[in-house]
Amino acid sequence: MYPLYILQKQFGYASFRMKQEAIINHVLQKKDTFVLMPTGGGKSLCYQIPALLFDGLSLVISPLIALMKDQVDALRVNGIEAAYLNSTQSPQEQKAILDKAREKKLKLLYLAPEKLLSSDKHTSLLETLQTFSISLIAIDEAHCISQWGHDFRPEYLMLAQLKKAFPNAPMIALTATADQLTQKDIIEKLELKDPAVFISSFNRPNIRYTVEPKQGSFERLLRFLEPRKEAQGIIYCLSRRSTEKLADDLSRHGFKSLPYHAGMEREQRARNQEMFLREDVRIMVATIAFGMGIDKSNVRYVVHMDLPKSIESYYQETGRAGRDGLDSEALLFYSPGDLARLKHFVVIDDNADQTKIALKKLEQMGQFGELSTCRRKYLLNYFEEQAPEHCGNCDICLSQVESFDETPLAQKVLAALSQLQEKFGAGYLIDFMHGASSSRMQEQHMTLSTYGCGADIAREEWQRIIDDLVSRRYLIKLHGSYPKLKITARGQRVLEGLEKVILTRFKEKPAPEATEKLV
Ligand code: ADP
Ligand code: ZN
């Protein structure tokens, strides 16, 4: 049986995301693996699918008891034999689960780390587990083992014993947050053997980041929503009361919306969520209580009426837009006053250290609001990822570009390529458009109507236009024995005059003025 088959039959998903498939194949070879993937990226399947394909039992270490139950429930809904052990269960319940494992009726067993050394009379749970056939050990939230990480949990340190206890079981460590130091530390502490490291980019290229002044935010919001009447969107507010007020105000202006927050009656909350998921209502006005565990792929925009408390939260909340890969918006209303006001909310009584961290995170979020450089670069750098100076898809970058209608030039390229039956690469195509002499041209091409159609434009300029057309998916490059350009369906539309090609370029920046030396 193949991973893809399990993905489709057991989990009901069509295809793998990001590096899931590569990770799963690596784990299936019984090799140690380290996975860094953004929240919501789909880490769970990376060990759940191997667990189903292996013969024995797989252990999953997870720190949060509440999430553990959700995960196990979700697996059971999919007909998968999974269970968890934690301190909320009675001894009888725990014994029943271990009996099931002993009878090989379990595929996945979720454990809180502190359970491992807990003992029943004389045998520790770890010793009991050693009598089972363990195929795989997954460590979720693996950064908790490192003091360098931001969520160190002392009970994770005992996981260092797992490798010795189960020398033959491959181990997979997963986290959404670990800088290089933390990565190294996790690998050392868990004693991973020569692990493959899979790091997924945090970039969400289809999300456009925009910040607008908070002053007059309601009118600005109406203007933003006007062209997006048919789209699903989430609008986050800080307080419960403001979600209700905003949902009312928007509804009165013809944008039907529903509120969602943790203070609402459970039934009402579930009803509102259901209405949004079924698209009976387009807009959800919510506190951050909304969104966790919700997997709606066509959310077209996420608006923040108030400043989120950290870049992590902002990234996670805006990340709910555009899961389907289509163009989406993240709009934040920001004012420096907001930052000052919010500082009072992040103070954690009696904990100076944590308060300091919370304030720092809030300030980093404030900086995002005040950037005059690419916002995506800031986000990616925050997660220690390299990024180009300009992304071309945030408000800052877009304010520095000019648009050109390049449809006529694009049509020339496409028409010429089409007459050449899409059998050539850029070099020959440009020769052809330039009307190159017979030493460089096949005879029969020199009688085609588009031969020489681009003689008035320099070769480099055509090359640039072709590169643009490739990067915007009007053309694709095939690399066979020699490279060929092919016209995509989108390119075909341009050729037929059904779509325009608007290309953007960065404006030439004026040279910085020489600053006078003060000494
Ligand atoms: P993480 O642990 O990385 O935060 P999860 O494993 O909880 O993420 O996955 C987030 C959501 O994405 C879940 O609802 C999950 O079912 C869904 N998901 C994961 N992989 C896929 C996939 N290949 N196709 C569609 N949905 C997926
Ligand atoms: Zn940018």
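At what angle do the axes of helix H1 (residues 3-10) and H3 cross?

## Basis of the model

This is a predicted model, in which local features need pLDDT of at least 70 and side-chain atom pairs count only at pLDDT 80 or more, whereas totals for chains, interfaces and linings use all residues. Residues are numbered from 1 along each chain as its sequence is written, and chains are lettered from A and ligands numbered from 1 in the order in which they are written.

## Helices H1 and H3

The axes of H1 and H3 cross at roughly 100 degrees and come within 10 Å; axes are lines fitted to C-alpha atoms, for helices over the stretch in contact, with angles from 0 to 180 degrees between N-to-C directions. The two helices are therefore roughly perpendicular to each other (65 to 115 degrees). Helices (H or I, at least four residues) and strands (E, at least two) are DSSP runs, numbered from the N terminus.

H1 contributes Pro-3, Ile-6, Leu-7 and Gln-10 to the contact, and H3 contributes Leu-45, Ile-49, Leu-52 and Leu-53, where contact requires C-beta atoms, placed from the backbone, within 7 Å.

## The sheet

Seven strands form an open sheet with parallel pairing, in the order E3-E4-E2-E7-E8-E1-E9; strands pair if DSSP finds at least two bridges between them. Because strand E3 (82-85) and strand E9 (196-199) stand at the edges with a single partner strand each, one side of each is left without a neighbour in the sheet. Strand E1 (residues 33-36) runs parallel to E9 and is joined to E9 by four bridges, with Leu-36 opposite Ile-199.

Key:
Parallel < 35°, antiparallel > 145°, perpendicular 65-115°, else oblique. Contact = placed C-beta atoms within 7 Å.
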